[in-house]
Amino acid sequence: MTDKPIVVALDYDNKADALTLIDKLDPAMCRLKIGKEMFTLFGPTLVKDIHNRHFDLFLDLKFHDIPNTVAKAVSAAADLGVWMTNVHASGGLAMMQAAKNALLPYGKEAPLLIAVTVLTSMSDEDLALLGINVPAFEHVLRLAKLTHQAELDGVVCSAQEAKLLKSTFGEHFKLVTPGIRPAGSDAGDQHRIMTPPQAIAVGSDYLVIGRPITKAVDPLAALTAIHQSLQTQI
Ligand SMILES: O=c1ccn([C@@H]2O[C@H](COP(=O)(O)O)[C@@H](O)[C@H]2O)c(=O)[nH]1
């Protein structure tokens, strides 16, 4: 199992609430993620606030644009010193290669660069509505092949595809899996879900977990319980 596989998704509209939670967390136990909502509201200052608290930060902005624009955006993310950032694989091979090339000047300081395959909120039926008439796992595999060809560090996928992707691309290709739900917790808008221990067992490297922790009555207790549920797998 990867060192520190839990990535807590901070989807708050209030910075004070987010910092209150962060201040209860231990950087040795988890990493953090901010996405479009918090970055749009609070910007690079929030990134600094989180770095000052010694957490690795996944900047989940899912860039999807023409190659030149995405390359510049990824470079701007690297300038913030984040641990991981991402693009949409459906932006295409040239876009992903431009993003990868933009990180070359950063050397070992470059963030991990991964690509979103098929959002975990999407079912086979949702894909069919987009004219994609194959099961989600097939489209995930197709986009992961493109990501691998562009030499990115890995993909965002659901844990349901993790076994297939690990066996296809090997240990070094990182699998970042949202749609993680402890047994009995509300799936919400997520469709392709798995429990934390199952996700690790099938090869997920990083488990992105938001509401099961942030909306819990006691978020620290929820995180600790998930963390403990993984310890038997070390
Ligand atoms: O396919 C994807 C890509 C990103 N996400 C993000 O992960 C978290 C999940 O939060 P939960 O509250 O645990 O559902 C959220 O920030 C999404 O933007 C994803 O869910 N699926």
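Predicted model: local features only at pLDDT ≥ 70, side-chain atom pairs only at ≥ 80, totals over all residues.
When residues up to four places away in sequence are not counted, Phe169 touches Ala144 and His148. A distance of 26 Å separates the C-alpha atom of Phe169 from that of Val8, a residue 161 positions apart from Phe169 along the chain.

The two partners of Phe169, Ala144 and His148, also take part in the contact between α6 and α7, on the side of α6.

## The barrel

Eight strands form the closed sheet: 8 strands make a barrel in the order β1-β2-β3-β4-β5-β6-β7-β8, with parallel pairing. On average, and with direction ignored, neighbouring strands of this sheet are turned by 25 degrees against each other.

One of these pairings is that of strand β1, residues 6–10, with strand β2, residues 31–35; the two run parallel and are joined by 4 bridges. Within this pairing, Ala9 stands opposite Lys33 of β2.

## The ligand shell

Which residues are the closest to the ligand? They are Ala9, Thr120, Pro178, Gly210 and Arg211, within a group of 15 residues that surround the ligand. By class, the shell comprises 7 nonpolar, 6 polar and 2 charged residues.

## Helices α1 and α2

Helix α1 covers residues 15–22 and helix α2 covers residues 36–52; their axes come within 11 Å and cross at roughly 35 degrees. The crossing of α1 with α2 is right-handed. On the side of α1, the contact involves Lys15, Ala18, Leu19 and Ile22, which meet Met38, Phe42, Leu46, Asp49 and Ile50 of α2. The contact of α1 with α2 contains 7 nonpolar residues, no polar residues and 2 charged residues.

An α-helix has 3.6 residues a turn, so residues three or four places apart point the same way. The α2 side of this contact includes Met38, Phe42, Leu46 and Ile50.

## Helices α3 and α4

The axes of helix α3 (residues 67–79) and helix α4 (residues 93–102) come within 8 Å, with a crossing angle of roughly 35 degrees. The crossing is right-handed. From α3, the contact draws on Pro67, Asn68, Val70, Ala71, Val74 and Ser75, and from α4 on Ala94, Met95, Ala98, Ala99, Asn101 and Ala102. These residues divide into 9 nonpolar and 3 polar, with no charged residues.

Which residues of α4 are buried? They are Met95, Met96, Ala98, Ala99, Lys100 and Ala102. The cover over the buried residues of α4 includes α3, strand β4 (84–88), strand β5 (112–116) and α6.

## Helices α6 and α7

Helix α6 (residues 136–149) and helix α7 (residues 162–169) have axes that come within 11 Å and cross at roughly 35 degrees. The crossing of α6 and α7 is right-handed. Phe137, Leu141, Ala144 and His148 form the α6 side of the contact, and Leu164, Leu165, Thr168 and Phe169 form the α7 side. By class, this contact has 6 nonpolar and 2 polar residues and no charged residues.

## Individual residues outside the helices and strands

Lys4 and His54 are not glycines, yet each has a positive phi: about 55 degrees for Lys4 and about 70 degrees for His54. Lys4 lies in the segment before β1, whereas His54 is located in the loop between α2 and β3 (57–63). Lys4 counts as partly exposed because 14 C-beta neighbours lie inside 10 Å. His54 has 9 C-beta neighbours inside 10 Å and therefore counts as exposed.

Ser121 is located in the loop between β5 and α5 (124–129). Since there are 16 C-beta neighbours inside 10 Å, Ser121 counts as partly exposed. Although Ser121 and Asp189 are 68 residues apart along the chain, their C-alpha atoms are separated by 5.8 Å. Leaving aside residues up to four places away in sequence, Ser121 touches Asp189, Gln190 and His191.

Key. Residues numbered from 1 in each chain as written. Near = placed C-beta within 6 Å. Nonpolar A, V, L, I, M, F, W, Y, C, P; charged D, E, K, R; others polar. Pairing = 2+ DSSP bridges. Axes fitted to C-alpha atoms, helices over the stretch in contact; angles between N-to-C directions. Left-handed = near helix turned anticlockwise from the far one by under 90°. Contact = placed C-beta atoms within 7 Å. Buried ≥ 20, exposed ≤ 12 C-beta atoms within 10 Å, placed from the backbone.
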